[in-house]
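Please examine the structure below.

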Amino acid sequence: MALVEGQARVLRTMLTTLDVDVLLHIISLLNVEDILSLRLTSRQIASITRLRTVWHNVLTRQVLTQDIPLTRSYSTSNNRQLLSYNNLAEISPSELEHAVRGALHANENWQRERPSRTRASRIQARVGRVDLLKFLKVHSFVAEADSDEVNDGRFLMSFGHGRESPSEMHMQVWDTEATGPDAEEGVQLVGFWSGRGRAIKLAMDEESGLHGRAIGPDIQQISRGTMVAISRSFETLGSDEISFSLDILCISPERPPLGHHPNVHTVKSFILPGPVIARALYGRYVALQVRADITDELGQGYAHGILKVVDWLRSTKLNSLRELGTMPGASKSNDEEEVAIELAFSAHGANRAVRHVQFQHDWVLVFRESVLEMYFLPPSVLGASASTRARVLHPVACHQWTWRIDSVVVTERVSWMHERAALSCVTCNGRGYVPDSGHASTSDKIDQQITCACRYRPLSIAVRFDSFFPWPVNLLHHYVLDVDQSVHFNGLEATPQAPYILFPTLMHTVPSSVRLFGHSILAMDRFGTLVWTDNEAAEYRVSQDTSAHGEAEVEAEHAPGRSSYGDSGERVAGQRLPLSSRPGSEAKAAHSAPLPSADTTVSEPDSQPEALVSLHDELAPATSLFGMRTMDGWCSIALSERAGRIALGDTDGFFELWDHF
């Protein structure tokens, strides 16, 4: 013992005689646990381990480069710089250390085989079935206009139809971190909206607000809220006729009271003669799918209707049917009332059902049954000076999968390496925008500029393909649509090259079984965590622990001799899927082809089938089991990585909240 203590004293003496720069270099090679152990050796070394340089290096090397989120629970709620990774120099060294250690601790628990929970609540949502759950990325009303969201994961939106009155819709906004006397298990209702009829489709603006583009002074109050578009059908009062409408709502749970406007209120409504499907919403643009009772020049029908992008802010009327009189190039008297443009499908997209529509800055990505199409939609296309005659937008590039898509979820990833590269962009000089070719002389206005290529980030695409059997393929596939670093928008091209590398790269394949006529739901957040429900029927034993709803949970332990679930049972599983960079010039694929004009046909993709097993699977972490139960019924799921929170809605009108840090 004396020998060991003597060696320790010699080691402390040697460390204290080293220069501070040498000590800092040694510390930069250590992980957090080693740094904290080193802190206990002497007061001098302890003071060095508390320097900003030490924890800024840990932040860069172990958090930012790994795209690990700085969790909200380990930082002050009003610290916008820390949560948005901006102006870290204004944060004290102790708070920086606390945030970095908290992020690494939370990430360790998040990626365990079975993450531990800090809360499990079950709340009644006052609906018959929770059809949709979504965590809102709410901007603070006291923050700057260009700041990042500061309450990611706090406010949860639930949507469904009434239990006693199925012909009524109910949208509720919940504060999941409430501390007031009216809070139930830390959850309190802070917003509510009801409407007549049945919802056809609901679309939410993931970017929150109108993005500062041409916002009129009469609607300034909604520029910090989350926008929602709801297409619905309802019975006309006093008759049995069915009417249709499209409603644009604004959710502002943090907004101070503004006259008669509640925190969830209708901004604009359109009464329609026929049904429409709200596919996506991006500020003032909404992507709608409408019927098309026509045939094209070749006699080809439009079995799944057509897609169009509408400027709902400038439109006074919407058309729910594309008729023969509105073929491309024709004019119509009410075109001036609807500011819209049609998205023509590619040669491979004909009669392919739409699975998902995604707005990415000035581009629209349409995911059909087996085709991905990219459209260039700069502000000038639907701007005030644009032509009012009927117009059609053709895809710039497309990609075709071998198999049909059953379900898909798409998210833009957080990538610190891309953020650093954007700071040195010579095209926009860090502004993020370049002049639009249609308004080069008046490029100071935001709505007359296009987003620079440096602002685009990789897209993660989680896909479950369809099969010939009455259940989807028992595999989840993670594709990455990487950014093409060779693309630079200068604002002079009428139709620039797509900012993404086609084709999407298959990065990970995850086993996930779905039984006959089973149901599976997906959710993915910006830092790469994918969570899903499935019907994995492995052999588990039932523990004595109970879940939030009082039912026995199933432990992830093998129980020899016990049979599988059979016809019931669900699990909630997840993985944090990493991004892998690849050279931008060598991934140009034969599957993509530019479409410079309407007469150009997309070349047939390679007839060789895609491999369903990725070469990058060794980079994927093990699957985490977040929860499991012996009955079915989960029908909606929401995820917030920064809050470590998962929400699950069921067919009984309840939702569960699981906190993990």
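In helix H5, the buried residues are Val54, Trp55, Val58, Leu59, Thr60, Gln62, Val63 and Leu64; buried means under 20% relative accessible area, exposed means over 50%, and partly exposed lies in between, with a 1.4 Å probe and protein chains only. The cover over these residues of H5 includes helix H2 (20-28), H3, helix H4 (43-49), H7 and helix H8 (416-423). Helices (H or I, at least four residues) and strands (E, at least two) are DSSP runs, numbered from the N terminus.

This is a predicted model, in which local features need pLDDT of at least 70 and side-chain atom pairs count only at pLDDT 80 or more, while totals for chains, interfaces and linings use all residues. Residues are numbered from 1 along each chain as its sequence is written, and side-chain values use heavy atoms, with hydrogens and water left out.

The axes of H3 and H5 (residues 52-64) come within 12 Å and cross at roughly 165°; axes are lines fitted to C-alpha atoms, for helices over the stretch in contact, and angles run from 0 to 180 degrees between N-to-C directions. H3 is therefore roughly antiparallel to H5, since angles under 35 degrees count as roughly parallel, over 145 as roughly antiparallel, 65 to 115 as roughly perpendicular and the rest as oblique. The crossing of H3 and H5 is right-handed; a crossing has this hand if the near helix is turned clockwise from the far one by less than a right angle, and is left-handed if anticlockwise. On the H3 side, the contact (heavy atoms within 4.5 Å) is made by Val32, Ile35, Leu36 and Arg39, and on the H5 side by Val54, Trp55, Val58 and Gln62. By class, six of these residues are nonpolar, one is polar and one is charged. Ala, Val, Leu, Ile, Met, Phe, Trp, Tyr, Cys and Pro count as nonpolar, Asp, Glu, Lys and Arg as charged, and the others, Gly among them, as polar.

H5 also meets H7, and their axes come within 9 Å and cross at roughly 25°. This angle makes H5 roughly parallel to H7, and the crossing is left-handed. Arg52, Trp55, His56, Val58, Leu59, Gln62 and Val63 of H5 meet Pro93, Leu96, Glu97, Val100, Arg101 and Leu104 of H7. The residues of this contact divide into eight nonpolar, two polar and three charged.

How do H3 and H7 lie, and at roughly what angle do they cross? The axes of H3 (residues 32-39) and H7 (residues 93-110) come within 11 Å and cross at roughly 135°, so H3 is oblique to H7. Val32, Leu36 and Arg39 of H3 make this contact with Glu97, Arg101 and Leu104 of H7. Its residues comprise three nonpolar, no polar and three charged.

The protein as a whole may now be considered. Its secondary structure comes to eight helices and 34 strands. Of its 661 residues, 55% are buried. Among contacts with a separation of 6 or more, 68% join residues 24 or more positions apart. The protein exposes about 29,000 Å², of which carbon and sulfur atoms supply 52%; accessible areas come from the Shrake-Rupley method with a 1.4 Å probe, and for residues only the protein chains shown count as cover.

Leu246 lies in strand E8 (residues 242-251) and is buried, with a relative accessible area of 0%. Beyond its neighbours within four places in sequence, Leu246 is in contact with residues including Ala229, Phe270, Val286 and Leu318. Glu342, in strand E14 (residues 340-343), is also buried, at 11% relative accessibility. Its C-alpha atom is separated by 9.5 Å from that of Ala287, 55 residues away along the chain.

Finally, some backbone features deserve attention. Most residues other than glycine have a negative phi, and most peptide bonds are trans. Arg126, in the loop between strand E1 (119-124) and strand E2 (129-135), has a positive phi of about 65° and counts as exposed at 51% relative accessibility. His361, in the loop between strand E15 (354-360) and strand E16 (363-368), has a positive phi of about 55° and counts as partly exposed at 23%. The peptide bond from Leu502 to Phe503 is cis, with omega near 15°; Phe503 is found in the loop between strand E24 (475-481) and strand E25 (505-511).
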